[in-house]
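Me: Could you take a close look at one part of this model for me? I'd like the local surroundings in one go.

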Amino acid sequence: VGEQVKHETPGVKWSNLIPINLLKSEPLVKENEKDSVIEVLVSQREARNEVPQNDRPCSLVTVSESYKWNLPTILNANVRSLCNKTDELEQTLQCSSIDIAGLTETWCVSEQMDEVFAINGYDIIRRDRNHKRGGGVMCYLRSDIPYKPWLELSNELETVWVTARPRKLPRQFANLIIGILYHPPNANNKDMLNHLTACMDNPK
């Protein structure tokens, strides 16, 4: 989870950056901004550090040319029981044109089929907590996004990992690695750290 950038950046459109604080009833991205892009403009002089530090505009990426990046819209939410929020989640995904949604604390159980949480136009990848109530993580991906879940992971940690290739991903990136995890209080920090290290060092 990255720290939110609070600088005002000239030339940057923020409509692809979705707040991670739970679901809102109003659309987070307007329909006419569905294909919005982040445009970063930095001159060659600035890229070569030939401009004094105080005179440089704040930018997210230092590049020597003008790029337009089409990035997927991502929602991250701690839902604390998905069963009674499926309709609200569907409205949010559809109205805000969300491409990928990562949910924690779904409180789902293995007896509940995927059809219970199905949303038209999205595929589901989930990991439920075993043996006791609470926890659980789930990923919704648009059905038109090619992806591969890391099914070979065998552990008791509440994590979901997916390799995805959205069709509008910039050429500079081969794919996206999506990791959704819930680390409950008093859980073993060492186990989670080892898991994260192994996943990031050996992507599937």
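Reply: At 22% relative accessibility, Arg127 counts as partly exposed (that class runs between buried, under 20% relative accessible area, and exposed, over 50%, with a 1.4 Å probe and protein chains only). This is a predicted model, so local features need pLDDT of at least 70 and side-chain atom pairs pLDDT 80 or more, while totals for chains, interfaces and linings use all residues. Residues are numbered from 1 along each chain as its sequence is written, and side-chain values use heavy atoms, leaving out hydrogens and water.

Arg127 sits in strand E5, residues 122-127 (strands are DSSP runs of at least two residues, E, numbered from the N terminus). A polar atom of the Arg127 side chain lies 2.8 Å from the backbone oxygen of Thr159.

Now hop over to Thr104: 23 residues away from Arg127 in sequence, with 9.9 Å between the C-alphas. Thr104 belongs to strand E4, residues 100-104, and counts as buried because its relative accessibility is 10%. Its side chain makes a 3.1 Å polar contact with that of Asn78 (N or O atoms within 3.5 Å; within protein, one able to donate a hydrogen and the other to accept it, with sequence-adjacent residues counting only if both atoms are side-chain atoms). Leaving aside neighbours within four places in sequence, Thr104 is also in contact (heavy atoms within 4.5 Å) with residues including Ala77, Val79, Gly136, Val137 and Ile180.

Key:
Helices (H or I, at least four residues) and strands (E, at least two) are DSSP runs, numbered from the N terminus.
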